[in-house]
Number of protein chains: 2
Amino acid sequence: MTSSALHKSRSAERALHLLDTVVTAGSISLGDAARVAGLPTSTALRHLRALEHDGYLDRDPHGAFSVGPTFLRLALTALREGPAAHLTKAAQPHLDRLAEVTGESAYLAVRERSRAVYIATAESTRAIRHVGWVGRAVPLAGTAVGTTLTGDGEATVHRNTGAVEPDVSAAVAPVLGADGTVVAAISVLGPASRLDHTSIDAVTDAVLAAAGALEGDLRGPAGQRGDRHDGGAP
Amino acid sequence: MTSSALHKSRSAERALHLLDTVVTAGSISLGDAARVAGLPTSTALRHLRALEHDGYLDRDPHGAFSVGPTFLRLALTALREGPAAHLTKAAQPHLDRLAEVTGESAYLAVRERSRAVYIATAESTRAIRHVGWVGRAVPLAGTAVGTTLTGDGEATVHRNTGAVEPDVSAAVAPVLGADGTVVAAISVLGPASRLDHTSIDAVTDAVLAAAGALEGDLRGPAGQRGDRHDGGAP
DNA sequence: TCATTGTATTTCACTAGATGAAAGTGAATA
DNA sequence: TATTCACTTTCATCTAGTGAAATACAATGA
């Protein structure tokens, strides 16, 4: 094949990429956005204006682009309703308990193509702690989350990994869906100095327990079974 | 003009509209999405698959589309960082205080084309209260928020309006930016039975005070001035 | 088990619509 | 006032998006 799969929409892909660029940057000029997206300024401008016209982007008096009200509406809707909200809502109590028990920050992550995205957290209460990774994407390759999200259901432990940031250790467990596939990962992240050989075993157990409990909740939160319209295997 | 402004991207606009459709629906089949967006199924499928390919959408085993990890990442980023986060973060304490003082639910809204979007809230603690409008869009015409967002800086009171929902009364005040334009609106919404002729005057005063205080915070949160690279008027 | 109905998917000829180089405009700096 | 840099507009070129129709698939009922 010449470039990609059979027939997508080039302009749509570019517009989405530009949207991603602006959201990630927070606020960005036409020139910078075009450079980041790898487009001629005239093409970038046309797309950015279209996005602005539809309310996905705003433009300040100096010409810089930022997120607009339409995108905000969609963002809030996606995070408060819909399938993703179920997952994070179900996971939150388990993350909270993990953070309390282990004293470190707990995260929920899902897979995005060849990256992992952290979509929920409960922060450690310690002064030195792992913070601010919600909304952030990290590569799958070489990370504990990545190994877990692409793996076959095994828990993963990475000690003092330098893959994303140095001096961070992680214990990660997969959350399996009804069909046995990995739908998410629960992880505890903390300074390698605290998560040493001894303590990380206990943390791993806690993470595995939390993942198992979440799996149970996702199948039938209140002991009720069969909330979907399927026949079910005998 | 034949249909719209000079030259946008049709396919990009359609893809965005489909994204909006799926996010709003939470989970939707190809046929329904195509119907809602007013597109032939073949065209809708191509776009939806492109969106799925990029991670903006997910597809469950039954073929239904829902929000994907890429969109989740952008949603979280937009709501936690960037210009919009400043606004909601600055507004939250004022909304909380408004809800406490008035006993009703307080909202922050911004303009989206010909609609108003609620982007933050502090809920009333009463049993009967106004809830769940965050992420929701209402028309500008005929609503108190709409009048305020399009108006010239005057506070607006609507009693027992049937514009969006019956038996709801509202007191709304504009939040002005540095250049005097309306950047947002703060509103208190509650049952018309509680917000009667007498009480709504007090509520209106409280809303106006909150809007004024927020304006002050947006200009210089901690008494520090000149955090932007401009000369400033004498 | 075999028809039936309602989706989802693939194909393909057509041309509407996207593209980007280059010229133009405007507003900061020096 | 000259210079520079960023944004905007234009327009000839032709790629890439379009959608009707045919096909495959899956779920229901007889």
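User: In this predicted model, two residues count as in contact if their C-beta atoms, placed from the backbone, lie within 7 Å. Among contacts in chain A between residues at least 6 apart in sequence, what share joins residues at least 24 apart?

Analyst: Chain A has 234 residues, of which 45% are buried. Its C-alpha atoms fill a box of roughly 55 × 50 × 40 Å along the principal axes. Taking the contacts between residues at least 6 apart in sequence, the share that joins residues at least 24 apart is 48%.

User: How many helices and how many strands are there in chain A?

Analyst: The count covers the helices and strands of chain A. It comes to seven helices and nine strands.

User: Which elements of chain B give two or more residues to the surface near DNA strand D?

Analyst: DNA strand D is surrounded by 20 residues, and the closest include A:Arg10, A:Ser29 and B:Ser42. Chain A gives two or more residues from each of α1 (10-25), α2 (30-37) and α3 (41-53). From chain B, the elements are α1 (10-25) and α3 (41-53).

User: How many charged residues does the surface near DNA strand C have?

Analyst: There are 19 residues around DNA strand C, with A:Ser42, B:Arg10, B:Ser29, B:Gly31 and B:Ser42 the closest. By class, four residues are nonpolar and eleven are polar, and the number of charged residues is four.

User: Why is one side of β1 and of β2 in chain B left without a neighbour in the sheet?

Analyst: Three strands of chain B form an open antiparallel sheet in the order β1-β3-β2. β1 (27-28) and β2 (57-59) stand at the edges, so one side of each has no neighbour in the sheet. The reason is that each has a single partner strand.

User: Which residue in β3(B) is the bridge partner of B:Leu57?

Analyst: β2(B) pairs with β3 (residues 65-67) of chain B in the antiparallel sense, over three bridges. α3(B) lies across both strands and runs at about 105 degrees to β2(B). The bridge partner of B:Leu57 is B:Val67.

User: Which residues touch the most other members of the largest nonpolar core?

Analyst: In soluble globular proteins, nonpolar side chains tend to be buried together. The largest nonpolar core has 138 residues. Leaving aside neighbours within four places in sequence, B:Ala109 is in contact with residues including B:Val117, B:Ile119, B:Val145 and B:Leu149. The residues that touch the most other members are A:Ala109, A:Val207, B:Ala109 and B:Val207.

Note on methods. Residues numbered from 1 in each chain as written. Chains lettered and ligands numbered in written order. Predicted model: local features only at pLDDT ≥ 70, side-chain atom pairs only at ≥ 80, totals over all residues. Near = placed C-beta within 6 Å. Helix = DSSP H or I, 4+ residues; strand = E, 2+ residues; numbered from the N terminus. Core = buried A, V, L, I, M, F, W, Y, C linked by C-beta atoms within 7 Å. Buried ≥ 20, exposed ≤ 12 C-beta atoms within 10 Å, placed from the backbone. Pairing = 2+ DSSP bridges. Axes fitted to C-alpha atoms, helices over the stretch in contact; angles between N-to-C directions. Nonpolar A, V, L, I, M, F, W, Y, C, P; charged D, E, K, R; others polar.
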